[in-house]
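Thank you all for making the time this morning.

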Amino acid sequence: MIKVKTRSRMSEADLLGIRTKSPLGLTQRIESGLPFDSIERVSKKAGLPIDVLRSAVRITPRTMARRRNEGRLSPDESDRLVSVSRLLALAIGLFGGRVESATRWLTAPNRALGRRSPIEAARTEIGTREVENLIGRLEHGVFT
């Protein structure tokens, strides 16, 4: 059984290391492409292997090397990284701020997601919404 505590105050911007005054500020940053080190920062803060995060954001190893050299992610990659970071922040909140527990949950197969891990399911927008819905149900004690 999952014990739900009060939601952590961590946000996707916190995980990304981006300071914004509003969601629109984050939107502008996404449109110009986030700095490459954003993906490394999320990996480190979430304790998520960079290859797992890279796969969730749908960046191939070759493109990852190119982005590292360029120092910037594309707007689409940045948008996907923000989506994954939002799920990480929600999962951390679900587990009362326990990052290790949230990361373990995100990477483990989940029956509610057809035996896929939440991070695997989140490779698409619809999958991301399903994971968000699942987190919401778990926060409210709805386990089916």
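Let me begin with what I call a helix: helices are DSSP runs of H or I with at least four residues, strands are runs of E with at least two, and both are numbered from the N terminus. What I am showing is a predicted model, in which local features need pLDDT of at least 70 and side-chain atom pairs count only at pLDDT 80 or more, while totals for chains, interfaces and linings use all residues. Residues are numbered from 1 along each chain as its sequence is written, and side-chain values use heavy atoms, with hydrogens and water left out.

A word on confidence, then. pLDDT is the predictor's confidence in each residue, from 0 to 100; the mean for this chain is 89, and 92% of its residues reach 70 or more. Over residues 1–8 the value stays under 50, although the model has 19 contacts beyond four places in sequence for them, where contact means heavy atoms within 4.5 Å. Where pLDDT is low, the predicted coordinates should not be read in detail.

Now to α2, which covers residues 23–32. Its buried residues are G25, L26 and I30, and by buried I mean under 20% relative accessible area, with exposed over 50% and partly exposed in between, using a 1.4 Å probe and protein chains only. Seen down the axis of α2, these residues fall within an arc of 145°, so they line one face of the helix; the arc is that of the directions from the helix axis to the C-beta atoms. They pack against α1 and α6, whereas the face turned away carries the exposed residues L24, Q28 and E31. After α2 comes G33, whose phi is positive, near 90°.

Helix α5 can be read in the same manner. T63, M64 and R67 are buried in α5, and they are on the same side of it because they cover an arc of only 105° around the axis. That buried side packs against α3, α4 and α6, while P61, R62 and N69 are exposed on the face turned away from it. G71 follows α5, again with a positive phi, near 80°.

Which residues of α9 are buried? They are G127, T128, V131, L134, I135 and L138, and they lie on the same side of α9, since they cover an arc of only 120° around the axis. What covers them includes α6, α7 and α8, and on the other side of α9, E125 and I126 are exposed. If we stop at T128, we find that it counts as buried because its relative accessibility is 7%; leaving aside neighbours within four places in sequence, T128 is in contact with S83, R86, L87, A121 and A122.

Let me turn to the interior. A nonpolar core is a set of buried Ala, Val, Leu, Ile, Met, Phe, Trp, Tyr and Cys residues joined through side-chain atoms within 4.5 Å. The largest one here has 39 residues, and those with the most contacts inside it are L53, L81, L88, W105 and I135. Helix α6 gives the most to this core, with 10 residues.

W105 also belongs to the one aromatic pair that a search of the whole structure finds. Rings of Phe, Tyr and Trp (its six-membered ring) pair if their centres lie within 6.5 Å, and planes under 30 degrees apart count as stacked, over 60 as edge-to-face and the rest as tilted. F95 and W105 form a tilted pair, 6.3 Å centre to centre and with 50° between the planes. F95 is in the loop between α6 and α7, and W105 is in helix α7, 10 residues apart. Both count as buried, F95 at 8% relative accessibility and W105 with a relative accessible area of 11%.
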